[in-house]
Protein chains: 2
Amino acid sequence: MTAYSAMTAEARKAEYAVLTKEFERLKGLGLNLNMARGKPGKEQLDLVSDMTYSLMDRPENFMSGNIDVRNYGEMSGLPAAKELFAEILGCKAEQVFVGGNASLQLMYDTISKAYTHGLLHSERPWCREETVKWLCPAPGYDRHFKITESFGFEMITIPMTADGPDMDAVEEAVKDPAVKGIWCVPKYSNPDGIIYSDETVRRMAGLKPAAPDFTIMWDNAYCVHEFEGEYVEFPDIISACAEAGSPDMVFEFASTSKITLPGAGIACFATSMENLYYMEKLLTIQIISFDKVNQQRHVLFLKNKENVLKLMKKHAAIMAPKFHAVLDALETEIKPAGIAEWCSPKGGYFVSLNAMPGTAKRTLALCKEAGVTMTGAGATFPYGKDPQDSNIRIAPSLPPVAELEQAIAVFCTCLKMAALEKLGV
Amino acid sequence: MTAYSAMTAEARKAEYAVLTKEFERLKGLGLNLNMARGKPGKEQLDLVSDMTYSLMDRPENFMSGNIDVRNYGEMSGLPAAKELFAEILGCKAEQVFVGGNASLQLMYDTISKAYTHGLLHSERPWCREETVKWLCPAPGYDRHFKITESFGFEMITIPMTADGPDMDAVEEAVKDPAVKGIWCVPKYSNPDGIIYSDETVRRMAGLKPAAPDFTIMWDNAYCVHEFEGEYVEFPDIISACAEAGSPDMVFEFASTSKITLPGAGIACFATSMENLYYMEKLLTIQIISFDKVNQQRHVLFLKNKENVLKLMKKHAAIMAPKFHAVLDALETEIKPAGIAEWCSPKGGYFVSLNAMPGTAKRTLALCKEAGVTMTGAGATFPYGKDPQDSNIRIAPSLPPVAELEQAIAVFCTCLKMAALEKLGV
């Protein structure tokens with residue numbers, strides 16, 4: 001196949017005719033496939049479901065040390081659950097707050113409390129600031145951007161590089177005292193699957209922002225989520241910030257949503273002790289305690305990091321073929337046409353693809369027409385607006401491989417049609 | 001025994017000497033007893049603990065209709081869990097949002113969202129209001145008052161009557177457009193154990209506040225929590241408000257914290273559909289979904305209202321002897337002295353006692369000295385300040401009966417000492 005850009009107008013027309021026919025055939029199949037969200041597949045759920053009944057069946061299992069996990073108390077989480085997360089994240093147990101089932105809710109709550117009450121080093125609650133600006137490395141996670149958008153922050157796009165956010169741009173931006181923080185997914189970034197380099201982590205921890213309450217929101221969602229190769233060690237941002245003299249500059253987040261069960265897992269934030277004390281004083285107004293039975297269930301089921309990594313190998317065995325189905329199709333169908341670039345991640349939940357500028361929306365509209373739902377075009381940018389109309393996030397985790405192969409075939413056809421329409425047919 | 005107020009100074013002195021000796025003896029026992037919080041006892045936890053392992057053990061139990069409860073989705077809760085709460089509360093299933101383990105967190109979040117974004121009928125977010133005032137029927141629940149205090153609202157005390165909040169005072173107060181809402185525990189109010197009369201509910205629903213976004217926070221924490229006698233039917237505040245022409249004026253809250261497990265239960269709010277749509281739009285920014293495995297566990301375990309009421313009879317069998325231990329001791333030890341009044345509730349978690357004005361703090365300080373922890377004096381009033389220094393909340397649920405008898409003996413001794421000190425010894 002020739003690259004589309006090198007084709008004659010006639011050759012493009014001919015190619016488009018072939019694709020249109022194929023598109024009509026695919027439409028005729030009446031597909032209803034979903035590659036929109038990082039939702040685990042049923043096989044993954046089955047992998048861990050015995051935890052829902054096999055564990056809390058002996059009186060001694062209701063006890064964690066001398067704490068009866070069934071009753072109120074231990075607002076900041078079971079010490080044993082803190083230890084489990086601390087081992088996974090490489091921080092200290094006393095820096096961990098285990099709360100609820102969703103790290104997203106903990107992130108929202110952190111921003112919300114900054115807005116209503118201010119953070120530890122805030123001069124005033126952020127609702128009393130004239131303007132709050134926020135750094136958004138993009139492409140990034142749409143749900144992060146929605147939070148800061150919801151609070152009316154002015155979002156500033158920071159370009160992503162192969163090493164993480166463009167740190168020159170970040171260092172420049174934080175000179176503005178209205179810039180209060182940054183979203184980060186440091187390991188297998190959503191959607192690019194990039195692991196921040198040591199240099200990026202070092203520069204991030206070394207930031208000297210003008211705002212005294214500048215906060216790095218370090219969403220370590222994929223901290224143990226390799227689907228290919230061995231577990232990759234990753235630096236502890238909390239000690240990195242402490243060593244750089246800014247111990248209170250970071251909140252790290254994690255959950256077991258993609259280790260055990262999405263929505264029925266446990267989540268945490270980890271931060272300096274000073275931040276933790278400050279947040280606990282606010283959180284104690286809000287809740288008596290989170291679900292410690294589920295925390296105990298997780299402690300008994302997951303045991304320790306070594307055991308978690310073993311479990312993640314089982315997830316990997318399910319995930320890898322799905323990613324390969326996507327990447328192989330892109331390699332075969334799209335690469336020769338020269339109409340897109342993409343990353344080949346070794347962990348996380350996404351493949352990020354940059355289509356020919358101006359073709360992302362059209363591609364996804366065609367996909368929808370043919371019964372394939374994708375993450376909305378633009379979603380990976382602040383305000384849902386990709387200035388290039390180029391980035392597309394592919395989430396291969398949910399459909400079984402056979403369905404996924406169909407879905408990606410549809411996607412490739414639509415991507416090619418959109419490119420040809422752009423080039424002129 | 002003569003009433004203390006009718007005693008001669010000498011008789012009081014003699015009585016005080018006897019009490020002091022008894023107090024020293026009790027102190028010598030090295031007690032460590034707790035009547036501070038409405039925390040269920042171990043027997044109650046044991047009553048329901050098979051739900052933690054006996055239910056989610058069959059693949060078909062992971063399905064609720066066609067929803068796999070293990071995966072993301074159904075942000076507003078499992079339809080089956082909504083139905084369960086709706087039957088218990090007497091509202092409609094589509095008015096229910098099931099979220100998380102703690103109704104307190106849902107209440108906090110409602111106030112927080114009013115503050116950051118405003119409610120459905122708000123002219124602006126409450127953080128942009130000059131002043132927000134809030135009605136606090138007192139004695140009331142300290143954790144309610146802490147929430148409104150935390151957001152800097154000006155709290156206005158509303159006296160409690162035997163029928164609920166003094167509605168004359170409420171109707172007068174809501175003429176001020178800065179008054180944005182009221183806390184209510186309508187059935188077995190915390191701490192008085194009062195059931196709001198039909199007339200009170202009718203007048204509450206019929207309020208015509210100056211503020212368009214005035215909100216009744218209707219914490220129906222003890223909706224099925226009779227420990228004596230039969231279940232008491234209670235009007236549905238949501239339809240009452242709708243019939244009075246103010247469908248969006250109320251948010252009702254409930255949880256299973258004192259039906260199944262405290263902290264590992266499920267919680268809900270119920271409100272008009274319009275309010276629900278509005279809140280869902282905000283909540284979808286914050287969380288993908290709550291723990292539906294636990295929702296399903298509750299649906300399978302609790303089944304329906306009839307079965308819940310059967311379970312509550314078992315709780316009652318544990319709770320009633322504890323309340324009687326308290327009430328009997330008060331009747332025998334305190335009534336003849338004429339130094340306090342108290343209610344005799346038939347449900348809920350508390351006995352509310354009004355000591356001789358100016359003696360509550362001293363009584364609890366003495367209790368503490370003798371190893372008995374009680375809810376802090378003043379806690380039942382806004383800002384933790386009881387203008388009379390009189391109200392004491394007794395929470396008999398946690399200690400076993402034998403310990404409780406010791407604890408209440410200590411309490412009676414301390415209450416009498418404080419009264420005598422006040423009268424002069």
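This report describes chain A and the interface between chain B and chain A.

The structure is a predicted model, in which local features need pLDDT of at least 70, side-chain atom pairs count only at pLDDT 80 or more, and totals for chains, interfaces and linings use all residues. Residues are numbered from 1 along each chain as its sequence is written, chains are lettered from A in the order in which they are written, and side-chain values use heavy atoms, without hydrogens and water.

Chain A contains 13 helices and 15 strands, which are DSSP runs (helices H or I, at least four residues; strands E, at least two). Its radius of gyration, taken over C-alpha atoms, is 23 Å, close to the 22 Å of the globule rule (2.2 Å times the number of residues to the power 0.38), so chain A is as compact as a globular protein of that length. Of its 425 residues, 63% are buried, that is, under 20% relative accessible area with a 1.4 Å probe, protein chains only.

The interface is summarised below.

| Item | Value |
|---|---|
| Area buried between chain B and chain A | about 4700 Å² |
| Share of that area from carbon and sulfur atoms | 52% |
| Share of the area chain B buries that B:R70, B:Y72 and B:I285 supply | 16% |

Buried area is the accessible area (1.4 Å probe) that two parts lose on being put together, summed over both. In contact (heavy atoms within 4.5 Å) are 53 residues of chain B and 53 residues of chain A. The rule finds two salt bridges across the interface, each a side-chain nitrogen of Lys or Arg within 4 Å of a carboxyl oxygen of Asp or Glu. One salt bridge joins the side chains of B:R70 and A:D46 (2.8 Å, N to O).

Definitions and conventions
Buried means under 20% relative accessible area, exposed over 50%, partly exposed in between (1.4 Å probe, protein chains only).
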